[in-house]
Each structure stands twice: as structure tokens, then as C-alpha cells.
Amino acid sequence: MVQLPITPMQPWFRTLRELQSPFSWNDVFESSPDAPIELDIGAGRGLFLLNAALRHPKRNILGVEIDYREGRRAAERLKKRELANARVIGGDACILLADLIPPGSVSAVHVYFPDPWWKPRHHKRRLFDQEFCDLLARVLHSGGEVHHWTDVADYFEMVRAALDPHPRFTSLPAPTEREPEHDMDYQTSFERKKRKMGFPIFRAIWKRD
Ligand SMILES: C[S@@+](CC[C@H](N)C(=O)[O-])C[C@H]1O[C@@H](n2cnc3c(N)ncnc32)[C@H](O)[C@@H]1O
């Protein structure tokens with residue numbers, strides 16, 4: 001295998017191509033590969049990733065972000081705090097879910113404020129579709145959870161229509177809204193932005209059966 005040059009952002013940020021082949025969680029979380037693994041798909045600037053990694057030091061949290069610039073920005077926050085339990089992979093989450101992550105090896109997948117692709121003719125570009133739901137079922141172990149938040153009502157309905165009747169998932173009670181204690185106390189940067197704009201936020205959790 002060709003060795004790519006180590007960039008200063010490693011190991012906090014790597015692209016899909018920079019991962020070891022074959023994929024192994026030991027390569028991603030070298031200090032605690034056996035801790036429960038959670039994914040933050042479309043991690044953006046990494047507020048969830050940072051807060052979750054600080055709050056849960058015994059969990060490994062992997063952000064996946066197709067936009068390398070955003071992904072590096074998220075990784076910068078983790079690097080600053082030398083966090084060993086949070087990493088970012090730059091690339092398409094669908095590739096990771098379909099081809100690399102071992103089946104049943106993930107305990108939670110978080111998908112917060114996925115790109116809405118507003119125009120009906122662009123809805124087919126939305127991340128969540130039947131195939132994506134099947135990929136979530138593939139990587140989650142039994143009892144694992146999908147957490148989804150958005151401010152886009154029709155997107156939320158579409159996700160519910162795919163996951164509520166899915167044979168591998170059961171809907172759990174949704175988390176309730178709580179008042180933030182400070183400006184970093186939001187689930188994600190998009191939640192902060194949308195709540196400040198006064199939009200309602202839709203939240204849901206499903207359990208992998
Ligand atoms: C609207 S932003 C939300 C970011 C963050 N979750 C938040 O709530 O602040 C959606 C993010 O998903 C990323 N994204 C879109 N498709 C993706 C894919 N297939 N794999 C990984 N990331 C993706 C986009 O680049 C973007 O950063």
C-alpha cells in the first residue's frame with residue numbers, strides 16, 4: 001500500500017483514502033478501540049462531536065464530513081484539546097457505512113440537520129433514503145440507536161416514513177427541548193442557528209432491533 005504523507009491534522013482528521021486498508025477501528029481509535037463507537041454523520045463544524053467526546057470520555061465518537069474544510073475545522077477543535085476519543089473522517093458517509101465499517105460495530109448514529117435540498121426535484125439528493133436507512137441497520141448493533149434532528153418538517157416526515165415501519169427499527173420517545181446554559185450548549189451549530197431564528201426543531205430516536 002502507498003504511504004501518504006502524515007499531515008499535521010492526523011490523527012484527528014483523515015480522508016477515507018488515508019485510512020488503513022482493511023478498515024479497522026483499532027486504526028481510528030488507537031488508544032481505546034473496544035469502547036462503544038458512535039458516528040456523527042455530516043459533522044459540520046463539530047460542536048456535537050466536541051461536546052459528546054468531552055461529556056462521554058469512555059465512548060469513541062467519529063465525525064464523518066464530506067466537506068474537508070468543515071471536517072478539518074471540526075478536527076481542529078478536537079486537536080486543541082488533545083482528545084483521544086474523537087476523530088473526523090473526510091469523505092462520503094455512505095461509502096464508510098456500506099463498504100468499510102464492520103456490520104454491527106456501532107452503538108449510535110447521529111444525523112443532525114442534514115442538507116435539506118429544498119427543491120422537490122433535488123429531494124433525491126437527500127442523505128436519508130431507504131438505502132441509507134438499510135446502511136444504518138447494517139452498522140448498528142442490536143440495541144444501537146439512530147438520533148435525528150432537523151428543522152425541516154417535510155424532511156422529518158420523510159425520515160419517519162422510512163424508519164417507523166422499517167423492520168429493523170423501533171421508535172423511542174423523542175428527546176424534549178431544553179434551554180441552553182451558554183452559547184456552546186446546543187446539540188449542534190445548526191441547532192443553535194435555527195433556534196435563534198425561532199424555528200421549531202424536530203427530534204427523534206430509533207432503536208435497532
Ligand atoms: C446542514 S449541515 C449540518 C452540520 C451539523 N450536523 C450541524 O447540525 O451543525 C450538513 C452537513 O452534512 C455534510 N454532508 C452532506 N452529505 C454528506 C455525506 N454524504 N457524507 C458526509 N457528510 C455529508 C455537509 O457537508 C454539511 O456539512
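Me: Where does proline 11 lie?
Reply: This is a predicted model: local features need pLDDT of at least 70, side-chain atom pairs count only at pLDDT 80 or more, and totals for chains, interfaces and linings use all residues. Residues are numbered from 1 along each chain as its sequence is written. Helices (H or I, at least four residues) and strands (E, at least two) are DSSP runs, numbered from the N terminus. Proline 11 lies in the segment before strand 1 (13-15).

Me: What is the omega of the peptide bond from serine 21 to proline 22?
Reply: Most peptide bonds are trans. Proline 22 sits in the loop between strand 1 and helix 1 (25-28). The bond from serine 21 to proline 22 is cis, with omega near 0°.

Me: How many helices and strands does the chain have, and what is its radius of gyration?
Reply: There are seven helices and eight strands. The radius is taken over C-alpha atoms, and the globule rule is 2.2 Å times the number of residues to the power 0.38. That rule gives 17 Å for 209 residues, and the chain comes close to it, so it is as compact as a globular protein of that length: its radius of gyration is 17 Å.

Me: Is glutamate 82 buried or exposed?
Reply: A residue is buried if 20 or more other C-beta atoms (placed from the backbone) lie within 10 Å of its own, exposed if 12 or fewer, and partly exposed in between. Glutamate 82 is in the loop between helix 3 (68-80) and strand 4 (86-90). Its phi is positive, about 55°, although it is not a glycine. Because glutamate 82 has 7 C-beta neighbours inside 10 Å, it counts as exposed.

Me: Is phenylalanine 113 buried or exposed?
Reply: Phenylalanine 113 lies in the loop between strand 5 and helix 5. This residue, too, is not a glycine but has a positive phi, about 50°. With 22 other C-beta atoms within 10 Å, phenylalanine 113 is buried.

Me: Which residue is the bridge partner of aspartate 40 in strand 3?
Reply: Two strands pair if DSSP finds at least two bridges between them. Five bridges join strand 2 to strand 3, and the two run parallel. Six of the six residues of strand 3 are buried, so it is largely enclosed by the rest of the structure. Aspartate 40 has as its partner in strand 3 glycine 63.

Me: Which residues of helix 5 are buried?
Reply: Helix 5 covers residues 130-139. Contact means C-beta atoms, placed from the backbone, within 7 Å. The cover over its buried residues includes helix 4, strand 5, strand 6, strand 7 and strand 8. The buried residues of helix 5 are Phe132, Leu136, Ala137 and Val139.

Me: Which residues come nearest the ligand?
Reply: A residue is near a molecule or strand if its C-beta atom, placed from the backbone, lies within 6 Å of it. Strand 3 (60-65), helix 4 (93-100) and helix 7 (189-196) each give two or more residues to the shell around the ligand. Of the 20 residues around the ligand, the nearest are Gly42, Gly44, Ala93, Thr188 and Phe190.

Note on methods
Contact = placed C-beta atoms within 7 Å.
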